[in-house]
Amino acid sequence: MIMETSAMPGVSLTEMLDAKEQRAQRQQEWLARWQAPLLSLTLVTPGPVKDSIRYRHCMGVALQACDQLLWRNAWQVLQREVFWLPTGPEALWCVQQPALSLKSALIALEEHHPLGRLWDIDVITPQGEPLGRKACGFAPRRCVLCADEAHACSRSRRHPLEQVVGQIEQTIDSWLRRD
């Protein structure tokens with residue numbers, strides 16, 4: 001297991017709600033400015049700790065994977081920005097590409113990359129509507145621990161938080177040790 005060199009403080013529910021509100025405001029500002037689909041990237045980080053060396057590594061891999069996907073497809077990026085916040089890293093891209101094809105490619109990335117399950121990549125249409133997996137013909141995301149839908153497990157708190165966080169950390173550590 002990768003050991004953290006310093007413990008990052010946890011964040012409160014109020015801080016998380018404020019961060020979510022600020023992210024939504026940023027998204028609306030970008031949509032108004034560019035009137036193009038928006039890619040919004042965050043990490044799956046249950047529990048109070050949202051910023052750690054481990055999570056920063058995971059975000060770095062996600063940023064590289066998204067940038068490579070956009071570059072490989074020659075999709076024009078109108079603006080890109082990364083935010084390293086105590087409430088967890090976030091990134092935004094405005095991309096000159098139909099939202100449905102962008103979402104489909106990003107779902108495939110999430111499903112095929114070893115760390116993809118830990119990435120939460122949303123696509124928002126120029127009209128401000130988030131595109132779900134269902135709109136692209138994909139099944140809902142699965143839990144990191146079992147085959148059930150992630151949303152159902154999360155909402156019911158089916159698995160102990162320590163077990164979920166442990167699985168996420170193990171996934172990241174396995175990726176980092178792969179060489």
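Is Q97 buried or exposed? I started there, and the answer is buried, at a relative accessible area of 17%. My cut-offs: buried is under 20% relative accessible area, exposed is over 50%, and partly exposed is in between, using a 1.4 Å probe and protein chains only.

**Ground rules**

I am working from a predicted model, in which local features need pLDDT of at least 70 and side-chain atom pairs count only at pLDDT 80 or more, while totals for chains, interfaces and linings use all residues. Residues are numbered from 1 along each chain as its sequence is written, and side-chain values use heavy atoms, with hydrogens and water left out.

**Q97**

I placed Q97 in the loop between β3 (90-96) and α3 (99-112). The element names come from DSSP runs numbered from the N terminus: helices are H or I with at least four residues, strands are E with at least two. Then I listed what Q97 touches, leaving out residues up to four places away in sequence, and got P37, W75 and L102. Contact here means heavy atoms within 4.5 Å.

**The sheet**

Next I looked up the strand order. There are 5 strands in an open sheet, ordered β2-β3-β1-β4-β5, with antiparallel pairing. Two strands pair if DSSP finds at least two bridges between them. At the edges I found β2 (76-83) and β5 (130-131), each of which pairs on one side only.

I went through some of the pairs. β2 and β3 run antiparallel and are joined by 7 bridges. Within that pair, Q76 has Q96 as its bridge partner in β3, and Q79 has C94. The β2 and β3 hairpin has 6 residues between the strands, and G88 in that hairpin takes a positive phi near 115°.

β1 pairs with β3 over 4 bridges, again in the antiparallel sense, and L39 has W93 as its partner in β3. On to β4: 6 bridges join β1 to β4, and these two run antiparallel. There, S40 is bridged to D122 of β4.

How many of the 6 residues of β1 are buried? I counted 6 of the 6, so β1 is largely enclosed by the rest of the structure. L38, S40 and T42 point one way from the strand, L39, L41 and L43 point the other way, and all are buried.

**Helices on the sheet**

I checked what lies over the strands. Helix α1 (residues 13-34) lies across β1 (38-43), β2, β3 and β4 (119-124), and runs at about 20° to β3. Helix α2 (residues 53-72) also packs on the sheet, where it touches β1, β2, β3 and β4, and its direction makes about 5° with that of β3. For these angles, axes are lines fitted to C-alpha atoms, for helices over the stretch in contact, and angles run from 0 to 180 degrees between N-to-C directions.

**α2 against α3**

How do these two helices meet? The α2 and α3 axes are 11 Å apart, and the packing angle is about 135°. That makes α2 oblique to α3; angles under 35 degrees count as roughly parallel, over 145 as roughly antiparallel, 65 to 115 as roughly perpendicular and the rest as oblique. From α2, the contact is made by A65, C66, L69 and L70, and from α3 by L102, A105, L106 and L109.

**Cysteines**

I searched the whole structure for disulfides and found 0. The test is a pair of cysteine sulfur atoms within 2.5 Å. For C58, the nearest cysteine sulfur is that of C66, 11 Å away, and C58 is in no disulfide. C66 is in no disulfide either. C58 is buried, with a relative accessible area of 2%, and C66 is buried at 0%.

Last, I noted the positive phi values in residues other than glycine. A74 has phi near 55° and sits in the loop between α2 and β2. A74 is exposed, at a relative accessible area of 68%. R157 also has a positive phi, about 55°, and is found in the loop between α4 (150-156) and α5 (161-176). R157 is exposed too, with a relative accessible area of 71%.
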